[in-house]
Amino acid sequence: SLGASFVNAACARGERALLFAYEESESQLLRNMRSVRLDLAPWVRKGLLQVHASRPTLQGLEQHLVTMYDSVRQFRPSVVVVDPISNLTMYRDDVSLKPTLMRLIDFLKQEGITAIFTSLTTDTAVPRADSEVGVSSLMDTWFVLGNYEQNGERTRTLQVLKSRGMEHSNRVREFVLSRRGI
């Protein structure tokens with residue numbers, strides 16, 4: 001939802017956006033985002049948004065990287081979302097994931113493209129200053145979304161752990177997803 005909101009804002013400014021989805025098909029993504037008031041379909045129709053949805057197990061990491069490079073070079077987006085990087089491999093300790101992501105991050109930075117990478121973590125009770133795939137040191141800004149349960153109610157939170165070169169809040173904020181949006 002955060003990545004979709006990011007590409008929605010870019011497209012609203014007239015920028016091209018590329019979203020790599022590794023959990024749902026394009027139609028599922030478009031449908032699910034409408035439930036939080038993000039209608040991405042008009043951007044797809046206008047040619048401002050391309051969604052590349054793929055099951056991570058259909059290709060190896062190298063082929064995913066080649067596909068991403070080719071898509072970026074052909075479409076020339078100003079923003080890219082990869083959701084989630086943690087699903088690019090079936091193995092939690094895949095030693096080739098970090099170097100592959102490092103190459104992708106370097107490529108996107110060289111191209112002047114702003115990117116959001118999401119990563120699923122196993123424990124949301126404790127905010128992590130690193131990632132389970134080990135690329136947090138390469139990121140300029142690091143957000144953590146958490147889910148906390150208390151008294152039978154779940155609360156989503158958002159916090160900025162770091163943001164190079166700019167002031168940012170150190171407060172934990174509530175992150176609400178509803179029919180009215182984020």
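Predicted model: local features only at pLDDT ≥ 70, side-chain atom pairs only at ≥ 80, totals over all residues.
Figure 1. Strands are DSSP runs of E with at least two residues, helices are runs of H or I with at least four residues, and both are numbered from the N terminus. Two strands pair if DSSP finds at least two bridges between them. Ten is the number of bridges in the antiparallel pairing of strand 5 with strand 6, given as 10 bridges. V144 is opposite Q159 in strand 6.

Residue numbers start from 1 along each chain as its sequence is written, and side-chain values use heavy atoms, with hydrogens and water left out. Local features need pLDDT of at least 70 and side-chain atom pairs count only at pLDDT 80 or more, while totals for chains, interfaces and linings use all residues.

Figure 2. S163 belongs to strand 6 (residues 153-163). Its relative accessibility is 9%, so S163 counts as buried (buried is under 20% relative accessible area, exposed over 50%, partly exposed in between; 1.4 Å probe, protein chains only). The side chains of S163 and T141 are joined by a polar contact of 2.9 Å. A polar contact is a pair of N or O atoms within 3.5 Å; within protein, one must be able to donate a hydrogen and the other to accept it, and residues adjacent in sequence count only if both atoms are side-chain atoms. Beyond its neighbours within four places in sequence, S163 is in contact (heavy atoms within 4.5 Å) with D140, T141 and H168.

Figure 3. Five of the five residues of strand 1 are buried, so the strand is largely enclosed by the rest of the structure. A17, L19 and A21 lie on one side, L18 and F20 on the other. Strand 1 pairs in the parallel sense with strand 2 (residues 49-53) over five bridges, and A21 is opposite A53 there. Strand 1 also runs parallel to strand 3, joined by five bridges; here A21 is opposite D83.

**Figure 4. The buried side of helix 5.** Helix 5 (residues 97-110) has 14 residues and reaches 20 Å from first to last C-alpha, close to the 20 Å expected at 1.5 Å a residue (1.5 Å times one less than the number of residues). L97, T100, L101, L104, I105, F107 and L108 of helix 5 are buried. They cover an arc of only 160 degrees around the axis, which puts them on the same side of helix 5; the arc is taken from the directions from the helix axis to the C-beta atoms. These buried residues pack against helix 4 (61-75), strand 3 (79-83) and strand 4 (114-117). G112 follows helix 5 and has a positive phi near 75 degrees.

**Figure 5. The largest nonpolar core.** A nonpolar core is a set of buried Ala, Val, Leu, Ile, Met, Phe, Trp, Tyr and Cys residues joined through side-chain atoms within 4.5 Å. The largest has 25 residues, of which V80, V82, L88, L104, L108 and F117 touch the most other members. Strand 1 (17-21), helix 4, strand 3, helix 5 and strand 5 (141-150) each give two or more residues to this core.
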